[in-house]
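Let me put it on the screen before I say anything about it.

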Amino acid sequence: MTSLTGRALRLTVYIGEDDTWHHKPLYSEIVHRAHAAGLAGASVFRGIEGFGASSRIHTSRLLSLSEDLPVAVVVVDTEERVRAFLPQLDELVREGLVTLDDCEVVRYVGRAAGQDPAGSHGEGSP
């Protein structure tokens, strides 16, 4: 299991939900590449409204279904590992915003393979 505590770097990639890479959602490609690169983790967050460099507002409040809603892909790992991943984003992200922020990891714990999602506090546990 990976151990990550203390100083770290948060990478956030702001893109559109409809952005693609070889007919696959771009956010999914970024997550899969982060996984393949051995980064500590990645999460995708879908926004309900926003705008970027194009100044066009994207919102879920219109009568139509979603209109290319904003998506943020967030990765946290050591500075060295995150910076080593940046060249892949140069290849993938044609439109969007990529930011880096210093952060501190207070707790990073994964579930062991096969462990009950309720943990040790499930039925029959003390």
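The accessible areas I will quote come from the Shrake-Rupley method with a 1.4 Å probe. Please keep in mind that this is a predicted model. The protein exposes about 8,800 Å², and carbon and sulfur atoms supply 52% of that area. Of its 126 residues, 29% count as buried.

Turning to the fold, we have two helices and eight strands, which follow one another along the sequence in the pattern β-β-β-α-β-β-β-β-α-β. If we take the contacts with a separation of 6 or more, 74% of them are accounted for by residues 24 or more positions apart.

Now look with me at strand β7, residues 70–77, where six of the eight residues are buried, so the strand is largely enclosed by the rest of the structure. Strand β1, residues 6–16, runs antiparallel to β7 and is joined to it by eight bridges, with glycine 16 standing opposite proline 70. Strand β4, residues 42–46, also pairs with β7 in the antiparallel sense, over five bridges, and here valine 44 has valine 73 as its bridge partner.

My last stop is glutamate 29, which sits in helix α1, residues 26–36. Is this residue buried or exposed? Its relative accessible area is 14%, and because buried means under 20%, glutamate 29 counts as buried. Beyond its neighbours within four places in sequence, glutamate 29 is in contact with Trp21, Lys24 and Leu92, and its side chain makes a polar contact with the side chain of lysine 24, at 3.4 Å.

Conventions:
Residues numbered from 1 in each chain as written. Predicted model: local features only at pLDDT ≥ 70, side-chain atom pairs only at ≥ 80, totals over all residues. Heavy atoms only, no water. Helix = DSSP H or I, 4+ residues; strand = E, 2+ residues; numbered from the N terminus. Buried < 20%, exposed > 50% of the residue type's maximum accessible area, 1.4 Å probe, protein only. Contact = heavy atoms within 4.5 Å. Polar contact = N/O pair within 3.5 Å; in protein donor to acceptor, adjacent residues only side chain to side chain. Pairing = 2+ DSSP bridges.
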